[in-house]
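Subject: Structure handover

Dear colleague,

Please find the sequence and structure below. My notes on what was found follow.

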Amino acid sequence: MIKFFRHIRQNHIMENKTGKYFKYAIGEIVLVVIGILIALQINNWNEQKKERSFEVKMLHEVRKELIQDTIYLNMIKGRAEAGYLGSKKMLQYYGQKGGHIDSLFKYSIKMHTSFLFTYHQGAYEAIKSTGIDKISNDSVRITLTDLYDF
C-alpha cells in the first residue's frame, strides 16, 4: 500500500503536475488526521471502560464493607442490650435486697463490656486516592463522603 502511494507521488512530481500533487498531499494529510482521530477515540473509549470497571469494583467493595459493618453493629447492639438488661437486674436486686449472688455476678459481667467501633474504610480510601470524582453518580458520591469523611 505504501509503495502504491509512493509511486503516485513520484509520478506527479516527475510530470510537473503540482496541482495534482498538492491535492494528493492534502488527501494524504486528511487520511492521517482521520486515522489519528479514530485512534484517540478508541483510546478514550478504552479508558472510560476501565474507569467504569474500577468504579463498579470499588462500589462492590464498599458494599461488602458496609455489610460487615452492619453485622458488627448488630453484634455490638446485642452486647449493649445485654449490658442494659444486666444493669436493670442489678437495680432490681438492690431495690429488693434479695436474689442469688451467682446470677448477680453474671449480670454484673455483662454491664462491664465496652465497645469500640470503626468503619472499614479500605475501599473508600482506594476510591479517594484515585479521585472521588471517578464515582459517576452524584448522590452516591455525596453519600459516601458524608458517611466516611464527616
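Helices here are DSSP runs of H or I with at least four residues, strands are runs of E with at least two, and both are numbered from the N terminus. On that basis the chain has 5 helices and 0 strands, and its pattern along the sequence reads α-α-α-α-α.

The model is predicted. Mean pLDDT for the chain is 82, with 82% of residues at 70 or more. Confidence is lowest in helix H3 (residues 101-111), where the mean is 63. Helix H5 (residues 138-149) has the highest, at 88.

Among contacts between residues at least 6 apart in sequence, 68% link residues at least 24 apart.

One surface feature should be noted. Ile 29, Val 32, Val 33, Ile 36, Leu 37 and Leu 40 make a nonpolar surface patch of about 550 Å². One of these residues, Ile 36, lies in helix H2, which covers residues 18-96.

Regards

Definitions and conventions
Residues are numbered from 1 along each chain as its sequence is written. This is a predicted model: local features need pLDDT of at least 70, side-chain atom pairs count only at pLDDT 80 or more; totals for chains, interfaces and linings use all residues. Side-chain values use heavy atoms; hydrogens and water are left out. Patches are made of residues with over 30% relative accessible area and no salt bridge: like charges are joined within 9 Å, nonpolar side chains (Val, Leu, Ile, Met, Phe, Trp, Tyr) within 5 Å. Accessible areas come from the Shrake-Rupley method with a 1.4 Å probe; for residues, only the protein chains shown count as cover. A salt bridge is a side-chain nitrogen of Lys or Arg within 4 Å of a carboxyl oxygen of Asp or Glu. Contact means heavy atoms within 4.5 Å. pLDDT is the predictor's confidence in each residue, from 0 to 100.
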